[in-house]
Amino acid sequence: CRSRAEALSNAVSLDILWDSTLQTLRISSLFPLTEQSINVSASSTRRTEVGIFSKDTPPNQKPHEIGVSGFLTVLGENKKPSGTLFGFPSRHRVADAYFSSDFVSPTGLHPTLRLTLSSNIPPPTEDECGLHAYFSLPRTIFADRYQFADQLFLASKNLTASRYTSLPVDLEAPAYTTKTWGSSVLLQLAPPSSNEPESWTAEVPLHLRYLEPTVSGKVDIEIPYPAVFWACESGAHVDLSNNPFDRTRLGYDGLFSENTVFWHATPQPATGDRIMTPISVPVLKEDGASLVGFGTAAAVALGFAWVLWKLAAVFAVSGYGSLSSQTQMESKKRK
């Protein structure tokens with residue numbers, strides 16, 4: 001047992017799962033592709049199965065299932081391994097839809113990201129599903145979560161609600177003073193309710209942060225494509241516990257229940273093979289930065305001098321804390 005535990009130090013991944021309901025501990029590890037020796041001892045106090053499998057396609061396998069075949073033996077019960085072929089459902093599946101992402105022109109400092117989807121039809125399942133988009137935004141751009149509180153505004157953009165926004169998100173800080181890597185946003189989309197497949201769009205309002213000045217007055221940045229998927233609450237007919245490759249709470253899946261199945265729309269790059277959305281950000285030119293600083297300082301100084309001049313004029317006429325004769329007369333008349 002100790003030697004097997006020490007061998008886990010060479011694994012590329014290690015998962016430990018404890019099921020309190022079934023009182024079962026499952027340890028899964030993945031090792032690099034290399035020749036290995038397997039030493040497993042039998043025990044009368046537990047059932048020990050040893051199997052070697054490779055990817056295969058069992059009969060009647062569904063598109064969203066994974067199939068494996070190989071040899072399996074139970075130590076202490078079988079004399080030799082027996083052939084085995086089986087399949088299990090996958091949590092992440094491919095939907096019959098694709099999408100692209102671009103910015104609505106003109107962009108300015110408050111651009112609108114447009115998602116164009118090829119279909120509004122949910123996946124072929126009896127479960128209740130909702131269409132979502134998960135954004136990983138760099139620090140140069142962000143979404144204002146307060147905008148998503150307006151239901152009429154959301155409806156005009158084919159959005160349903162904001163389900164999650166990473167915090168904190170400073171709405172005023174420029175990019176060069178923001179310490180966080182960026183922010184994450186989970187939005188639920190509102191596809192058309194027609195029964196016939198149709199392409200449609202959803203728009204997401206975003207806001208650019210101020211960037212450092214450049215010679216050209218422009219900075220080109222890129223926004224990664226969001227993950228667009230149908231999240232379906234699976235019923236008792238879907239058992240994901242038998243999938244040895246199933247992993248949960250690795251990212252946005254942690255925002256849903258453990259029984260959720262994801263049907264992903266395929267991203268389609270606008271140009272080339274990069275699933276990134278470019279945008280050109282207007283910034284201050286370097287040759288004008290000094291003039292702006294000088295002009296700002298001059299305006300502040302003139303404003304401060306004007307306030308002092310007005311205060312000095314008032315003090316010269318009436319003095320500090322005293323009322324003018326006209327003010328005193330008006331006060332007596334009111335009494």
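Asn60 sits in the loop between β3 (49-56) and β4 (65-74), with strands (E, at least two residues) and helices (H or I, at least four) being DSSP runs numbered from the N terminus. Its phi is near 60 degrees, a positive value in a residue other than glycine. At 76% relative accessibility Asn60 counts as exposed; here exposed means over 50% relative accessible area, buried under 20%, and partly exposed in between (1.4 Å probe, protein chains only).

This is a predicted model, so to speak of local features takes pLDDT of at least 70, side-chain atom pairs count only at pLDDT 80 or more, and totals for chains, interfaces and linings use all residues. Residues are numbered from 1 along each chain as its sequence is written, and side-chain values use heavy atoms, with hydrogens and water left out.

- Most residues other than glycine have a negative phi, and most peptide bonds are trans.
- Asn158 is another non-glycine residue with a positive phi, about 60 degrees.
- Asn158 belongs to the loop between α2 (151-156) and β10, and is partly exposed, with a relative accessible area of 28%.
- The peptide bond from Ser105 to Pro106 is cis, omega being near -10 degrees; Pro106 lies in the loop between β6 and β7.
- Leu167 and Pro168 are also joined by a cis peptide bond, with omega about 0 degrees.
- You'll find Pro168 in the loop between β10 (159-165) and β11 (182-189).

**The chain as a whole**

- The protein chain has four helices and 17 strands.
- Its radius of gyration is 32 Å, well over the 20 Å that the globule rule gives for 335 residues, so the chain is more spread out than a compact globule.
- For that comparison, the radius is taken over C-alpha atoms, and the rule is 2.2 Å times the number of residues to the power 0.38.
- Along the principal axes, the C-alpha atoms fill a box of roughly 115 × 55 × 55 Å.
- Of the 335 residues, 30% count as buried.
- Take the contacts (heavy atoms within 4.5 Å) with a separation of 6 or more: residues 24 or more positions apart account for 71% of them.

**Surface and charge**

- The protein chain exposes about 22300 Å², and carbon and sulfur atoms supply 56% of that; the areas come from the Shrake-Rupley method with a 1.4 Å probe, and for residues only the protein chains shown count as cover.
- There are 28 positive and 32 negative side chains, and the centres of the two sets lie 10 Å apart.
- In that tally, Lys and Arg are positive and Asp and Glu negative, while His and the chain ends are not counted.
- Each charge is placed at NZ of Lys, CZ of Arg, CG of Asp or CD of Glu.

**Domains**

- The chain is divided into domain 1 (49-89) and domain 2 (92-287), with bounds that come from an automatic or database domain assignment.
- The C-alpha centres of domain 1 and domain 2 lie 38 Å apart.
- Four residues of domain 1 are in contact with nine residues of domain 2.

**Ser90 and Val261**

- Ser90 is in the loop between β5 (82-89) and β6 (92-103), and at 14% relative accessibility it counts as buried.
- Skipping residues up to four places away in sequence, Ser90 touches His64, Ile66, Leu240, Asn243 and Val261.
- Val261 is part of strand β16 (residues 260-267) and is buried too, with a relative accessible area of 2%.
- His92 is 169 residues from Val261 in sequence, yet the two are 6.2 Å apart in space, C-alpha to C-alpha.

**Two more spots to check**

- Pro124 is in the loop between β7 (112-117) and β8 (128-138), where it counts as exposed at 74% relative accessibility.
- Pro124 and Arg139 are 15 residues apart in sequence and 38 Å apart in space, C-alpha to C-alpha.
- Ile27 is found in strand β2 (residues 24-30), and its C-alpha is 7.3 Å from that of Leu14, which is 13 residues away in sequence.
- Leaving aside neighbours within four places in sequence, Ile27 is in contact with Leu14, Asp15 and Ile16.
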